[in-house]
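Subject: Structure handover

Hello,

Please find the structure below, followed by notes on what was found in it.

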Amino acid sequence: MREPKNEPAQSREKAAGKRPTQQMWRRAVVMLVLLTVLAFGLIVAQLVMLQIVQTDDWQRRATEQQLSDSIISPNRGAIYDTNMETLAESMQVWTVIMDPDQIEKEEERQKIADDLSVLLEVDRETLYKKASRTDSQYEVIKSKIERPLAEKLNEWVQKNEMGGVFRLITDYKRVYPYGTLASSFLGFTGADNTGLEGLEAEYNELLEGKAGRIVTAQNGWGENLPNLLSYEKTIDAEDGNSLVLSIDQTIQHYCEKYLEEALLNTGATNRACAIVMDVNTGAILAMATKDDYDPNDPMTVMNKTDAAAIAELAGDEKSAAIVAALEKQWKNKAISEYYEPGSVFKMFTTAMALEEGVATENSSYYCGGAETVLDTTVHCHVYPNAHSTQSLGDAICNSCNPAFIQIGLSVGRNLFYKYYTGFGFTEMTAIDMLGEGSISQSLYHSEDDLDPVQLAVSSMGQTFKLTPIQMITAISSIANGGKLLQPYVVKQVLDADGNVVSNTSTTIKRQVISSDTASRVSELLRVAVESGGGKNAYVPGYRVAGKTGTSEKTETGGTNVVASFGGFAPADNPQIAVLVLIDEPQCAVRYGGTIAAPVAKKILQDTLPYLGIEPHYTQSELADLNRSTPAVEGLDIATAEAMVQSEGLTVRVKGDGATVVKQVPEAGQSIPADGTVVLYTDQLSYESEMTTVPDFTGYSVSGASELAESCGLNLYLSGTDLEDGGALASLQSIAPGTEVPLGTIITVEFIYQDTIE
C-alpha cells in the first residue's frame, strides 16, 4: 500500500492566499460605510427637496386629492346708459346640487331619476347613476335654472321630504333687457359669464368680479369622506364693478329705428351705421349698426338672407358660412370698418384752405364739367353739364369736384397732409371700445405720395379710407371751435355698492384749426343744408350744418357706393354731431343727400328737442307749425266750431244733430295749419262718411296737398324744406287704398331729389 503524497508547498500557499486578509476586511468595511453614507445622503436630499424645496407643490397636490373645489359665480357688474337705464345685467339663476349619501332607499333613487329627469330635462340614466354614488356628497344635476323652475323643484323637494338631499347654489345669467338695442357695442358673454365681444370683452376684468368656492373634503381616491369626517367650506364670490355709459338709450333707439327703415327702403347689402356725439365733450350718445343681433341669443344668424343661404349648405361649407355670418353681425361697423368718405370730406378741404388763407368766402372757382391734372381728367358729377363760375359757398352747395380740386391744389401737399394728420385721419381715435380698426399707411397717401393727381382726388374725398368714428370725431372738431377730442363711451365705473370708482373727463388732443375758421366753415355748411345738397337734413327751428357724400367702392368696380351724411346742430351753437352711413344701397337713387341725409334729419329732429335744445323758428317756419286739435266732443255745434276756428283750423260738420259725438282728428292730435277738423253729430254719419287713401308717391308738395284736400284728408308734411319745388313724396303713413274716416291725418314724407355727391 502506497503512502499518500504530500501536496506541494506552492499549492498550499495558493490556497492560503484566497482567504480574506485583514487589509481586505478593512477595505470592505470602508466601502460599506461609504455606500451607507451615500444612500442616507440621497434619502436626506430627497427629503429636503420634498419637505422644503417642493413643499408648496406637494401641499397643492395633496389638497387637490383631499379637497373638491366647486366655483361660485360672482354677480357680473351691470352696464347702464347715461340715465342709469339697464342695458345689461346678471339675472340670478341656480345650480342644482345633490348629496347622494343622504339617499337611504333605492325607491328614492328611482323616484329622483323618474321625476327630476322630466322636471329638469336631464338624462334619466345619468341622473340615476349620480344618485347611486353613496360615497359622494356633491353632484351637479343642472346649472343655470331660472326662478320658475327653481320654485317647482323646491315644491317637489318639500313634497317628497328630500330637503337634506338637494340644495341650490346661486349663479348668474347675463340678460340684455332691450334685446338687439345697442348690441353692436355691448357685445355678449359666454356660458361662463366671460365677456366675448364688445364692451363685455373690453371691460371683462372690471365687470366679472372674483369667483367664490365651495371646498369639500375627499379621500385619496377622490371620493367624499364619510359623514362623520365631512368637511365643507364656502368662500363668497366678490361681485364685479358696473359701467355707466355716455350712451343714451332713447337716442340709441332713434338711430336704430331710422337705420332699420333705411335698410328696408334702400335694400343696402352691407349694413348701415350711425353715430351721435357730444361735440363739446367727446361723449358718444348713440352708436348703431344695422343689421345686428340679439346678445341674449348671439349664436343665431339674424340676417334673413344670410340665414336662408346657409340653410341650403351642408358640412364644412355650412359651418364656414355660419362662422362668417356670425362674425359679420358681431362686428361694430361704426368703429371697425373702413370706407372712402367721398364729398363729406370736402368740409375739411374747405377748413384747410380758410385756415391757411388760400381761399375766402369770396374766392371764385370755374367748373367746365371736368378738371384735368397732368394727364388725368376728373369729371364733375353734373358732367357733361357744368357749374361755370361759383363762389366757395356755391362750390360746397354744389359739391363741385373741379372746384375742390382747385382748392386742394392751392393748399398744396405739405399743408394738406399736415391737416389730414391734424384731424386725426392717420391714427386710431383710441375710443374705449373693442375692435377699432387699426390705421396703417396702406389706407391713406403719405406726404411724399401726394403728387398733383393724388392730391386732386384726395381733396374731394376719394382714394383713401377711414373709419366712421374717425370721421365723426373730426366733424366734431369743426363744430366745437377746432378742438380734436378723445371719443369715449364709458363715463363712470361703479363698485358693487354703487360708489364711483372712476370718472371719464374730456380730453383735448390738439387744436386743429382756429375757432374763427371753424365758425366760418360751420356757416358754409349751414347754407349747404338749407339750400344745397343737404336739404333733406333740414330741421325746422334748428340750424343744421352738414355735407353729403356718395363714394364709389373701387373694390367692387364702382358698382356699389357708400352714401353718407355728416353734420351737426344747431349750427350757431353746436351741441351734437351726427354721421349716417349706408353701405351698398340697391335702390334706384343712391346719393347721400337722397338716402342718408333724411335719416340724419329724423335722428336730429327727435334728438334735439329730447336733449332740451330749444328751437328758434323763422317767421315762415312759425306759419307752418302744426296745431293741436281742441277737445270738442259733447259740445254744441256752435261752441265746437268756435273753438276749432280759434286754433286757426277749418271745420266741416257732418250730420243733423245738435252736439258733437265724434271728431276727426281726435283731441290733442297734431294737425297742419289750415287743416280741417270734421265734426260728426251722429254715429251713423261717422260710420258712413269714409274716404279712400290715395297713393301720394311722386307728387310735389302742392300736388299732394290738392290730392289730400280732394279726398277729405289732412296732410302732414314731413321732410325737407317744403317750400322747395324739387321735393317729391316718397313714403306715406297709411297705405294707398285704405278706407279711413274723413279728416284723417296722413303723414307723407317728401325727399328732395338730390343728384349731388
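**Overall fold and surface**

In the protein, 72% of the contacts between residues at least 6 apart in sequence join residues at least 24 apart; contact means heavy atoms within 4.5 Å. This is a predicted model, in which local features need pLDDT of at least 70 and side-chain atom pairs count only at pLDDT 80 or more, while totals for chains, interfaces and linings use all residues. Residues are numbered from 1 along each chain as its sequence is written, and side-chain values use heavy atoms, with hydrogens and water left out.

The secondary structure comes to 26 helices and 31 strands (DSSP runs numbered from the N terminus: H or I of at least four residues for helices, E of at least two for strands). Of the 757 residues, 48% count as buried, that is, under 20% relative accessible area with a 1.4 Å probe, protein chains only. The protein exposes about 35,600 Å², and carbon and sulfur atoms supply 51% of that area (Shrake-Rupley method, 1.4 Å probe).

**Second largest pocket**

The second largest pocket holds about 570 Å³ of space. A pocket here is an open set of points on a 1 Å grid over the protein atoms alone, where a 1.4 Å probe fits, with protein on both sides within 12 Å along at least five of seven lines; lining residues have an atom within 4 Å of a point. The volume is the space filled by probe spheres set on the points.

Its lining has 21 residues, and E260, L263, D291, N303 and K304 lie nearest the centre. Helices α10 (249-266), α11 (304-311) and α12 (315-330) each supply at least two lining residues. By class, the lining has 6 nonpolar, 7 polar and 8 charged residues (Asp, Glu, Lys and Arg count as charged).

**Aromatic pairs**

The whole structure has 17 aromatic pairs, with ring centres within 6.5 Å; planes over 60 degrees apart count as edge-to-face. The W156 and F166 pair is edge-to-face, because the ring centres are 6.1 Å apart and the planes at 80°. W156 is in helix α6 (residues 147-159) and F166 in strand β5 (residues 166-175), 10 residues apart. Both W156 and F166 are buried.

F188 and Y293 also have centres 5.9 Å apart and planes at 85°, so this pair is edge-to-face. F188 lies in the loop between α7 (183-186) and α8 (198-202), and Y293 in the loop between β10 (284-290) and α11, so the pair ties together parts 105 residues apart in sequence. F188 and Y293 are buried.

One aromatic cluster is formed by F345, F348, F416, Y420, F423, F425, Y444 and F464.

Regards

Note on methods: Buried means under 20% relative accessible area, exposed over 50%, partly exposed in between (1.4 Å probe, protein chains only). Rings of Phe, Tyr and Trp (its six-membered ring) pair if their centres lie within 6.5 Å; planes under 30 degrees apart count as stacked, over 60 as edge-to-face and the rest as tilted.
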